[in-house]
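The sequence and the model are shown first.

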Amino acid sequence: SVYASQRVPTTEIQLNSICNSIYISVFVLGLSAYAGVLTFFENERNMFYRHKAALMYDHKSLTIAAFWSEIPFILLVSMIFTVCFYFPLGFVAVASKFFYFYLFVTLNVALWTFVGQMFISLFRDAVTAQGFGALFIGMTGLFTGNLIAPQNIPQVWIWAYWVFPLHYVIEGLLVSQYYGSNLQIEAIDGGSWYISLQCSPEEIGCYGTPYEYLLWRFGGFFTHGHLPYNVLYLFVFVTVTNIVKLIGLKRFNFLSK
């Protein structure tokens, strides 16, 4: 409803607001997926320990079942979010761009869901998993490039920008939508982007494209050429979380005396 009267951005302030809204929305969506899976998977894990002791099935069975049982939920939640969020933000009705948006939202929900399962397989209970998850959440939220622009992150911390996964989601969402856009965005008079566009005070208005704004705001770290690598990294990250979950279920039994 925030964008009901002005869906398509025309000014730098409006475009910046959309970028921040995307960051906040997908972050909260991911946190909801993470928090929702902890207690549920803890109950499944504890039941698995009993079945394993009775030689009914092993860790591979639970890992596979926990993965595939979450897929319909992830796809449905991501589609609902995409339909409710995509058009109110004024994104163009182009199938490829809609697909990219849905793809990155889906990968976002998936990574948080499977991180939650991974932590439950590694720690005694949901409370402990929440404690260690808070560190992961804090680092992930801080080093997306949104709160601290990538070019301003100290070199000693730049590894966190590349390791934690949310920045790949945000970059994918923003770049896939605004690359090739011909929208004219008016820069704030005398602002940093205004200066980077080399506008002069004699000009009536200073304009650039949304993609030019992204290149400026994120210091060239967010580019269209990264899209396939963003998708690849997120798929690899989801795969790694499930492998670690498999190892955790095999090695640990927190119900054993």
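The structure is a predicted model. Its chain contains nine helices and two strands, arranged along the sequence in the pattern α-α-α-α-α-α-β-α-β-α-α. Taken along the principal axes, the C-alpha atoms fill a box of roughly 80 × 40 × 30 Å. Of the 257 residues in the chain, 48% are buried. Among contacts with a separation of 6 or more, 74% join residues 24 or more positions apart.

**Helix pairing**

Two packed helices are described by the angle between their axes and the distance between the axes. For H6 and H9 the angle is about 145° and the axes lie 9 Å apart. The crossing of these two helices is left-handed. The residues that form the contact are listed by helix below.

| Helix | Residue range | Residues in the contact |
|---|---|---|
| H6 | residues 166–178 | Tyr 168, Val 169, Glu 171, Gly 172, Ser 176 |
| H9 | residues 227–251 | Leu 227, Asn 230, Tyr 233, Leu 234 |

By class, the contact of H6 with H9 comprises five nonpolar residues, three polar residues and one charged residue.

**A buried charge**

Glu 70 belongs to helix H2, which spans residues 59–86. This glutamate is buried and has no salt bridge. The nearest side chain of opposite charge is that of Lys 245, 7.9 Å away from Glu 70; a salt bridge is counted within 4 Å. Neighbours within four places in sequence being left aside, Glu 70 is in contact with Val 37, Thr 113, Phe 114 and Gln 117.

How values were computed
Residues numbered from 1 in each chain as written. Predicted model: local features only at pLDDT ≥ 70, side-chain atom pairs only at ≥ 80, totals over all residues. Heavy atoms only, no water. Axes fitted to C-alpha atoms, helices over the stretch in contact; angles between N-to-C directions. Helix = DSSP H or I, 4+ residues; strand = E, 2+ residues; numbered from the N terminus. Left-handed = near helix turned anticlockwise from the far one by under 90°. Contact = heavy atoms within 4.5 Å. Nonpolar A, V, L, I, M, F, W, Y, C, P; charged D, E, K, R; others polar. Buried < 20%, exposed > 50% of the residue type's maximum accessible area, 1.4 Å probe, protein only. Lys, Arg positive; Asp, Glu negative; His and termini not counted.
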